[in-house]
Amino acid sequence: MNRIATQSVVGAVVFGFGLSGLVDVLFLHHVLQLHHLVSNVYDPSTLSGLRMNILADGLFSLTMLAVAGVGGGLVWAAERRAAAPLRLKPLAGATVLGVGLFDLLDVVVDHMLLGVHHATHSGAGIYDPHWVVVSLLIVGAGAYLYRHAGGNPVRSEAEA
């Protein structure tokens with residue numbers, strides 16, 4: 001794979017990673033309020049604990065926004081340097097792969113190793129093994145999409 005292809009695939013994975021983090025914090029933390037980033041460290045049922053959790057969620061949101069922005073910037077820069085438009089299907093597969101990688105990292109590191117939060121406030125980790133399986137399925141789906149789309153996002157001479 002050439003440099004443009006590598007940069008675009010890495011960018012798509014990084015974008016998917018950041019996007020998944022944003023969706024996680026916005027949907028699970030804020031909308032459904034199933035947990036917060038550090039809800040096992042600071043009790044969200046107290047005002048001071050809730051404030052700390054909301055602060056941590058906000059800082060995490062900004063971090064994931066920056067990660068998604070870096071990923072999108074890498075794809076954009078690769079697209080600008082490519083002789084022809086990049087192929088969408090391999091980049092979509094790489095993005096889904098990044099989504100799954102975030103979910104896997106979250107459940108293994110945050111839920112299982114550090115224990116800073118679990119899927120629900122009262123769940124005590126009972127859903128963590130299920131989330132590992134779902135995360136691995138998402139990673140597998142992204143890898144499948146990437147491989148079956150030809151893998152290389154850079155168009156060949158014949159496609160251009």
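Read along the sequence, the protein chain runs α-α-α-α. Its secondary structure comes to four helices and zero strands. Helices (H or I, at least four residues) and strands (E, at least two) are DSSP runs, numbered from the N terminus. The C-alpha trace spans about 60 × 30 × 25 Å along its principal axes.

This is a predicted model: local features need pLDDT of at least 70, side-chain atom pairs count only at pLDDT 80 or more, and totals for chains, interfaces and linings use all residues. Residues are numbered from 1 along each chain as its sequence is written, and side-chain values use heavy atoms, with hydrogens and water left out.

### Helix pairs

Two packed helices are described by the angle between their axes and the distance between the axes. Axes are lines fitted to C-alpha atoms, for helices over the stretch in contact, and angles run from 0 to 180 degrees between N-to-C directions.

| Helix pair | Angle | Axis distance |
|---|---|---|
| H3 (residues 88-113) and H4 (residues 128-148) | about 160 degrees | 7 Å |
| H1 and H2 (residues 47-81) | about 155 degrees | 7 Å |
| H1 and H3 | about 50 degrees | 6 Å |

Angles under 35 degrees count as roughly parallel, over 145 as roughly antiparallel, 65 to 115 as roughly perpendicular and the rest as oblique.

H3 packs on H4 at about 160 degrees. That makes H3 roughly antiparallel to H4. H3 passes H4 in a left-handed crossing. A crossing is left-handed if the near helix is turned anticlockwise from the far one by less than a right angle, and right-handed if clockwise. The residues of the H3 contact with H4 comprise 19 nonpolar, five polar and three charged. Here Ala, Val, Leu, Ile, Met, Phe, Trp, Tyr, Cys and Pro count as nonpolar, Asp, Glu, Lys and Arg as charged, and the others, Gly among them, as polar.

H1 and H2 pack at about 155 degrees. They are therefore roughly antiparallel to each other. H1 passes H2 in a left-handed crossing. The contact of H1 with H2 holds 18 nonpolar, 10 polar and three charged residues.

H1 and H3 pack at about 50 degrees. These two helices are therefore oblique to each other. Their crossing is right-handed.

### Aromatic pairs

The whole structure has two aromatic pairs. In one of them, the ring centres of Phe17 and Phe102 lie 5.3 Å apart with planes at 85 degrees, so the pair is edge-to-face. Phe17 sits in H1 and Phe102 in H3, 85 residues apart, so the pair links distant parts of the chain. Rings of Phe, Tyr and Trp (its six-membered ring) pair if their centres lie within 6.5 Å; planes under 30 degrees apart count as stacked, over 60 as edge-to-face and the rest as tilted.
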